[in-house]
Amino acid sequence: MTSCDLCNTQKYEVIYDGVIRDGVVGKKTTIKHQVVKCCGCGLVRLLDNPLTIEYYQSDEYRNAYNETSNPSDYIEMHDNEQPPRLNKIGADFFRDKVVLDYGCGGGAFLDLVRGLSGKTLGVEPFSGYHDSLKRRGHEIFSDIKTAQSKYKDQVDSIVSFGVLEHVENPQQYLKDAYGLLKKGGKMYLETDNLHDILMKLNIPSFDQFFYRTAHLWYFEDKTLKQMAKQANFSDVKISFRHNFDMSNVMLWLRDNKPTGKGKLDFLSNGVDQNWIEFVESSGLADLVCIEMTK
């Protein structure tokens, strides 16, 4: 193993050794994979990456994980995920701002904030989404270097949802985002939380679901903070956001598989609200979030 990207330590411990998710829910690898934790800083990664960057930019990847690469299908699948994100971040983050979604996919979030923002930009390596994104009024770049050639030090606000875990070098990803922001600009990022409450309940099938071939890295609040500071960000704020009700965790415990939300009608909205408040305040939500300033 090469040195840790975050602290240069070369020692690690294996925290998982088994089959992992390889596409849509239920599809798993045929061989075991190891997930390792740096003994220096605690950064967690997939030991051997079975995929290539070219694969992430292909129709094949989107068909494997979403069963479609069509832009309209993407929007239909992900539209409902966007309002909770906006509620969490707040409208002021976008109002009359130059906003960039770093790894925007099909652009569902950009569509939501377009009316608030002064200008909406996206970086998206999959070219199959580009024509649709441009028709909907967004300025799109295939890579960060192209975006920097036009907007270096000019972006007010950057968002990133579920991207950091995919990239080859997450530390460089943050540094590149920093270079786009103007002084005082902010970045808000969400990624899967390594301390998701379901990771605490010793459910082997959840481990096989959580770890996946498409995710090269796994984060906790401590490592995210360290990465942000090494990328020269200041005013670093960690928070958590949870997408699932209490029925989700109860049915994982009963059935050993994902079932979605709202599957137990005897649970009231009040119970679910209290549950979500508990896991978010305890750092056990499914997402860890970080806001930082240039």
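The model is a predicted one, in which local features need pLDDT of at least 70 and side-chain atom pairs count only at pLDDT 80 or more, while totals for chains, interfaces and linings use all residues. Residues are numbered from 1 along each chain as its sequence is written, and side-chain values use heavy atoms, with hydrogens and water left out.

H8 (residues 170-180) packs against H10 (residues 221-230) at an angle of about 50°, the axes lying 9 Å apart; helices (H or I, at least four residues) and strands (E, at least two) are DSSP runs, numbered from the N terminus, and axes are lines fitted to C-alpha atoms, for helices over the stretch in contact, with angles running from 0 to 180 degrees between N-to-C directions. In this pair, Pro170, Gln171, Leu174 and Lys175 of H8 meet Met227, Ala228 and Gln230 of H10, where contact means heavy atoms within 4.5 Å.

Seven strands form an open sheet of mixed pairing, in the order S6-S5-S4-S7-S8-S11-S10, two strands being paired if DSSP finds at least two bridges between them. At the edges are S6 (139-141) and S10 (234-241), each of which pairs on one side only. Within the sheet, S4 (residues 98-102) and S5 (residues 119-123) pair in the parallel sense over five bridges, with Val98 opposite Lys119 in S5. H8 packs on this sheet, touching S4, S7 (155-161), S8 (181-192) and S11 (287-293), and the direction of H8 makes about 145° with that of S8.
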